[in-house]
Amino acid sequence: MTTRRAIAAMLTTTFLTWMGQRTTAVALPLVALAESGSAWTTGLVGGAAGLPVLTSAWWARGLRQGLTTGRALAGVLAVQVVGLLVVPIGAALGTVGPVHLAAAGLITGCATAVSAPAQRALLADICDRLGSGISARMLAWQDFAQRSTMILAPPLAGWAVTVGGPFHLLWAEATGVGLGAAVLLTVSGSAAGAATDGGTAGAPKLRHVLASHPEVRRAVAMAGVGGLTWFAFTLGLAILGAQTGRPGLLISAGMTGYGAGSVLGALTAPVLVPRLPSLGTAAVGWIILGLAFVTLPAVTSSLASIACLAAVGGFAMPLGIGAANRLISVRTQGAERRAAFAAASLVHDGAVSLGLLAGGAVIGVAGAGPTLVVAGTVQVVAALLAGPWLIPVPTARDGSARQPLDREGVHA
């Protein structure tokens, strides 16, 4: 397979797997509630899936270094398919319960914890063959492939549930991931990436990689703060809507605006990200989202204003995430690159899980509006401190963090 076809296969896999995931997200809570009769069980899959992500820094250290080919990644996705089949098979047999939901979450969580960052690392490795600047662009297109499913999958899933009920949709994610695994079988690895593998003994620890690359560390830290405060947007708008007699309307407007803005931002990211300073762009993205959070409580009387503010924040996010991915793809290679992407995924996704876990209690004590304001302020302050403006970026041990980048993302 040619390099360009390999890139197309990687992007196709991202689209297929996320279409399945977002489609299933509509049906799974309905099936869990219908089969178990208990509302608390609907969150078991997501909760159980978060545990492997939070602990992946320990158990996945050596495993992620072996994921240097499409065939290896296809094997991980095959394991994910097994986990995804637990619930639909149980539903077909009429035996879905908490054990099935927790098992599905644990299996899929383990697979996702290693496959998601490994796919980004492999895509960057493949793009290295085409020259400088290509990795940043293709990682941005990969982000677009994921975000486009935010617009396409929910209405498709809603229509399918209305026509035929939720049960058959449970097979959608397993089908999508299975097709993605089949596509990945055609993708070869990167000689440069494989050459640096050394098994568990040669696998760098996540904290060591972040310590060696200060700019990457700062970008990851901003994403962690953003993930921790994300609950203020989702839970906050949902609770504000209920408190103002408009249950579901505020969060629907916010998520619709955010999704539309992020898709538009993802379309521009492949063009803009390689031309903008990476650390500054990442910081500005989080500042814009934080300011949107701060402003939202003042415009809750207007659904259009909520949607527009959320769209502005959503537009900035793909640029910031693309800039962080560019930093990782430029500053690291091989085993370090896979560890850096894993660290970014662990910090952000783990922070989102922790924030959602404690978010309800925080909003219950402080109120939804004040929580949004504080969460947005924290994001702005973190981005100002982590950006390149107030505190100079320290020199890494190998000096790479101080080397300027030209427009194409290579050391000048």
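Before you click, note that the model is predicted: local features need pLDDT of at least 70, side-chain atom pairs count only at pLDDT 80 or more, and totals for chains, interfaces and linings use all residues. Residues are numbered from 1 along each chain as its sequence is written, and side-chain values use heavy atoms, with hydrogens and water left out.

**Stop one: aromatic pairs.** The whole structure has 6 aromatic pairs. Rings of Phe, Tyr and Trp (its six-membered ring) pair if their centres lie within 6.5 Å; planes under 30 degrees apart are stacked, over 60 edge-to-face, and the rest tilted.

Select Trp141 and Phe144. Their ring centres are 5.7 Å apart and their planes meet at 85°, so this pair is edge-to-face. Both sit in helix H5 (residues 134-164), 3 residues apart, or about one helical turn. Helices are DSSP runs (H or I, at least four residues), numbered from the N terminus. Trp141 is partly exposed at 31% relative accessibility; buried means under 20% relative accessible area, exposed over 50%, and partly exposed in between (1.4 Å probe, protein chains only).

Next, select Trp230 and Phe233. With ring centres 5.1 Å apart and planes at 45°, this pair is tilted. Trp230 is buried at 18%, and Phe233 is buried at 2%.

**Stop two: cysteines.** How many disulfides does the structure hold? It holds 0, a disulfide being a pair of cysteine sulfur atoms within 2.5 Å. Select Cys127, which is buried at 0% relative accessible area, then Cys308, which is exposed at 51%.

Methods:
Helices (H or I, at least four residues) and strands (E, at least two) are DSSP runs, numbered from the N terminus.
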